[in-house]
Amino acid sequence: MRVTLLLLMVSISFTCFSDEYVWKSQAEPIDYKCAPDKEVGINWDKDGDEHKVVTFNTATHDDFFLTHISNIPTRALPRPDLPIHERKALIESAFYNDLSTEYYTLENNSYFLRKQSEDPSSFGIYKSGECKYYDNDEVKNIECAKALRHLEVDLDTMRFVSSYLGTWHYSNKPSGYNGDSAVLSYGKCRKYFR
């Protein structure tokens, strides 16, 4: 009897003081890597007379990563002075928003978009992009908007499309500046494990 009581108390105290955090997101805690098959777009001319429609060199393609909120690296979480479960709770309370109904799941910021060139351990990339996870039993996708980029992934086909508007239309650039190209890319995503 005493041994059973002791084991029960150890189990309860371990659970109460555990750093294990239970995330609210109903999306599977899976990250994705999306590699473009092709990128096409417009190379802007500064005067607007000679815009060129082009297919970009495949060597310059930048992969995209979708990181589930539960997989954000610990070093990227805010407030390193706090216990890890409190740091996870902070990021969830700051960003995550569940808009689900009984008919569909809709979550804001259960996923975060980054380009291959961005550091996954930087907190800044997780506060600058908004992704929506949607599932209604017919359609299951992730849609992201970050700066001038829009990306959408169908989680059944694992195909994605991404668009980037470029900066030709910006008025605050120097007069000789042509602007970043507008780019449309498409390809496939796969599950990604670090």
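Is glutamate 28 buried, exposed or partly exposed? With a relative accessible area of 44%, glutamate 28 is partly exposed. The close-up views below come from a predicted model, and the first of them returns to this residue.

**View 1. Lysine 140 and glutamate 28 meet in a salt bridge.** The nitrogen-to-oxygen distance between the two side chains is 3.8 Å. Lysine 140 belongs to strand E8, while glutamate 28 sits in the loop between helix H1 (2-16) and strand E1. This pair links distant parts of the chain, with 112 residues separating the partners. Like glutamate 28, which has 44% relative accessible area, lysine 140 is partly exposed, at 22%.

**View 2. A salt bridge joins aspartate 63 to lysine 33.** Here the N to O distance is 3.6 Å. Aspartate 63 lies in the loop between strand E2 (52-55) and strand E3, and lysine 33 lies in strand E1, so the pair ties together parts that are 30 residues apart in sequence. Aspartate 63 is buried, with a relative accessible area of 13%, whereas lysine 33 counts as partly exposed at 22%.

**View 3. Glutamate 130 and lysine 132 form another salt bridge.** Their closest N and O atoms are 2.9 Å apart. Both residues count as partly exposed: glutamate 130 has 35% relative accessibility and lysine 132 has 32%. The count for the model comes to five salt bridges.

View 4. The twelve residues of H2 (residues 84-95) should span 16 Å at 1.5 Å a residue, and the 17 Å between the end C-alpha atoms agrees with that. Which residues of H2 are buried? They are Ile84, Arg87, Lys88, Ile91, Glu92 and Phe95.

**View 5. The largest nonpolar core has 18 residues.** Tyr32, Leu66, Tyr111, Ile142 and Val153 touch the most other members. Strands E1 (31-43), E3 (64-68), E6, E7 (130-135), E8 (140-146) and E9 (149-154) each supply at least two residues of this core. Beyond its neighbours up to four places away in sequence, valine 153 touches Cys34, Leu66, Lys140, Asn141, Ile142, Arg159, Phe160 and Cys189. A second, separate core of 13 residues includes Trp23, Ile69, Ile125 and Tyr126. In soluble globular proteins, nonpolar side chains tend to be buried together.

**View 6. Glutamate 107 is a buried residue of strand E5.** Its relative accessibility is 0%. Leaving aside neighbours within four places in sequence, the contacts of glutamate 107 include Ser25, Gln26 and Ala27, as well as Tyr96, Asn97 and Asp98. Cys131, Lys132 and Tyr133 are also in contact with glutamate 107. A polar contact of 2.9 Å joins the side chains of glutamate 107 and serine 110. Aspartate 135 is 28 residues from glutamate 107 in sequence, and their C-alpha atoms are 9.3 Å apart in space.

Conventions
Residues numbered from 1 in each chain as written. Predicted model: local features only at pLDDT ≥ 70, side-chain atom pairs only at ≥ 80, totals over all residues. Heavy atoms only, no water. Helix = DSSP H or I, 4+ residues; strand = E, 2+ residues; numbered from the N terminus. Expected span 1.5 Å × (residues − 1). Buried < 20%, exposed > 50% of the residue type's maximum accessible area, 1.4 Å probe, protein only. Core = buried A, V, L, I, M, F, W, Y, C linked by side-chain atoms within 4.5 Å. Contact = heavy atoms within 4.5 Å. Salt bridge = Lys/Arg side-chain N within 4 Å of Asp/Glu carboxyl O. Polar contact = N/O pair within 3.5 Å; in protein donor to acceptor, adjacent residues only side chain to side chain.
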